[in-house]
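The structure comes before the entries.

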Amino acid sequence: MRFGERYTTSEMDEYDKKFAEMQKYIPFLEAMIERLQNVKDKSREVQLQKMQSLHGILSNSKRKLKIETLQRCEDVLQKLHNKVEKVDTTLKS
């Protein structure tokens with residue numbers, strides 16, 4: 001969303017609903033951030049910054065993005081969550 005643009009009421013409702021749904025990823029992101037902070041490998045720094053950025057988006061309800069951007073964030077989080085969950089279950093077996 002650019003400066004000066006406004007959402008309609010239905011768009012705001014859709015945005016707020018999507019934003020609220022995505023709150024479930026905050027604990028996962030916090031765990032991933034902690035995990036990446038404990039890794040000494042500098043190649044993980046970019047991943048850490050991306051996780052922190054996603055966490056920042058979900059932690060700040062005053063920051064409004066385009067609904068499409070919010071949807072892309074959710075898509076990334078879903079894929080990452082599924083990938084990490086798959087690895088974790090493989091390691092536990």
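Anything in between I noted as partly exposed. The model is predicted, and I kept that in mind throughout.

I then went through α3 with that cut-off. I found L48, M51, L54, H55, I57 and L58 buried there.

I checked the span of α3, which covers residues 45-59. At 1.5 Å a residue, its 15 residues should span 21 Å. I got 21 Å between the end C-alpha atoms, so the two agree.

Entry 3, salt bridges. I looked for a Lys or Arg side-chain nitrogen within 4 Å of an Asp or Glu carboxyl oxygen. I counted 3 salt bridges by this rule.

I took K64 and D16 to begin with. Their closest N and O atoms are 3.6 Å apart, and they form a salt bridge. I placed K64 in the loop between α3 and α4, and D16 in helix α1. The partners are 48 residues apart, so I logged the pair as a link between distant parts of the chain. I checked the exposure of both. K64 has 29% relative accessibility, so I noted it as partly exposed. D16 has 37%, and I noted D16 as partly exposed too.

Which side chain meets E21 in a salt bridge? I found K18, at 3.4 Å from N to O. K18 and E21 sit 3 residues apart in helix α1, so about one helical turn separates them. I recalled the geometry: an α-helix has 3.6 residues a turn, so residues three or four places apart point the same way.

Is K18 buried or exposed? I read a relative accessible area of 15%, so K18 is buried. E21 comes out at 36% relative accessibility, which makes E21 partly exposed.

I looked up E74: at 5% relative accessibility, E74 counts as buried. Shared partners put K18, E21 and E74 into one salt-bridge network.

Terms used. Residues numbered from 1 in each chain as written. Predicted model: local features only at pLDDT ≥ 70, side-chain atom pairs only at ≥ 80, totals over all residues. Heavy atoms only, no water. Helix = DSSP H or I, 4+ residues; strand = E, 2+ residues; numbered from the N terminus. Expected span 1.5 Å × (residues − 1). Buried < 20%, exposed > 50% of the residue type's maximum accessible area, 1.4 Å probe, protein only.
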